[in-house]
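Biologist: I want to learn how to read a structure, feature by feature. Can you take me through one?

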Amino acid sequence: MNWGMIGAGVVMGIAALGSAIGIGIAGQGAIGAWKRCYLNNKPAPFLLVVFAGAPLTQTIYGFLLMNTMLGVAPSASPAAQSFLFGLGFACGFAMCLSAVAQGKAGAAGSDALGETGKGFTNYIMVVGLCETIALFAMVFGMVASGSIQ
């Protein structure tokens, strides 16, 4: 059994799980904001879809890191395989939590934008800050897995 290959699958799976949870949270916020707009006879901003879909990117980052790990894992030593397994779990978990945080920020941004019609740039910056954690996890994971001989 190659633990490095399992670690590659783990990073993808955990990152995708976080994306699903984050999209669910952000989507609930967007739907609630649209509902309030309809109840108040205000135009419902389509821009809220940006908040709802933002956590999807963590799945892409998990996929990219998985591919990097799959390039290294087949020829890795047993110690390196264990390292890749741990790396996959740690990076996947970081991406997962990033997506959940992004979903919460997106839900709050949807609420605020739906209510006021203002501040999109400010709200999307906070969503982007949450995204940065997943980017760091992906890049650092790629660097770490690339250093395996």
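**Cysteines, salt bridges and a cavity**

Modeller: Start with cysteine 130, which counts as buried at 15% relative accessibility. Buried means under 20% relative accessible area, exposed means over 50%, and partly exposed is in between, with a 1.4 Å probe and protein chains only. Keep in mind that this is a predicted model, where local features need pLDDT of at least 70, side-chain atom pairs count only at pLDDT 80 or more, and totals for chains, interfaces and linings use all residues. Residues are numbered from 1 along each chain as its sequence is written, and side-chain values use heavy atoms, with hydrogens and water left out.

Biologist: How many disulfides does a search of the whole structure find?

Modeller: A disulfide is a covalent bond between the sulfur atoms of two cysteines. The test here is a pair of cysteine sulfur atoms within 2.5 Å. The search of the whole structure finds 0.

Biologist: Now salt bridges. How many does the structure hold?

Modeller: A salt bridge needs a side-chain nitrogen of Lys or Arg within 4 Å of a carboxyl oxygen of Asp or Glu. This structure holds 2. One joins aspartate 111 to arginine 36, with the closest N and O atoms 2.5 Å apart. Aspartate 111 lies in helix 4 and arginine 36 in helix 1, so this pair ties together parts 75 residues apart in sequence. Helices are DSSP runs of H or I with at least four residues, numbered from the N terminus.

Biologist: Which residue forms a salt bridge with arginine 36 at 3.1 Å?

Modeller: That is glutamate 115, with 3.1 Å between the closest N and O atoms. This pair links distant parts of the chain, with glutamate 115 in helix 4 and arginine 36 in helix 1, 79 residues apart. Shared partners join Arg36, Asp111 and Glu115 into one network.

Biologist: Are these three buried or partly exposed?

Modeller: Take them one by one. Arginine 36 is partly exposed at 26%. Aspartate 111 is partly exposed at 38%. Glutamate 115 is partly exposed at 47%.

Biologist: What about empty space inside?

Modeller: Rolling a probe the size of a water molecule over the atoms shows where empty space is left. On a 1 Å grid over the protein atoms alone, a cavity is a set of points where a 1.4 Å probe fits but cannot get out, and lining residues have an atom within 4 Å of a point. The count is 1 cavity of 30 Å³ or more. The largest cavity holds about 30 Å³ of space. Volume here is the space filled by probe spheres set on the points, which are joined across faces, edges and corners.

Biologist: Which residues line the largest cavity?

Modeller: The lining is Ala33, Arg36, Cys37, Asn40, Lys42, Gly114 and Glu115. Helix 1 (3–39) gives the most, with 3 residues. Helix 1 and helix 4 (78–116) each supply at least two.

Methods
1 Å grid on protein atoms, 1.4 Å probe; cavity = no way out; pocket = protein on both sides within 12 Å on 5 of 7 lines; lining within 4 Å.
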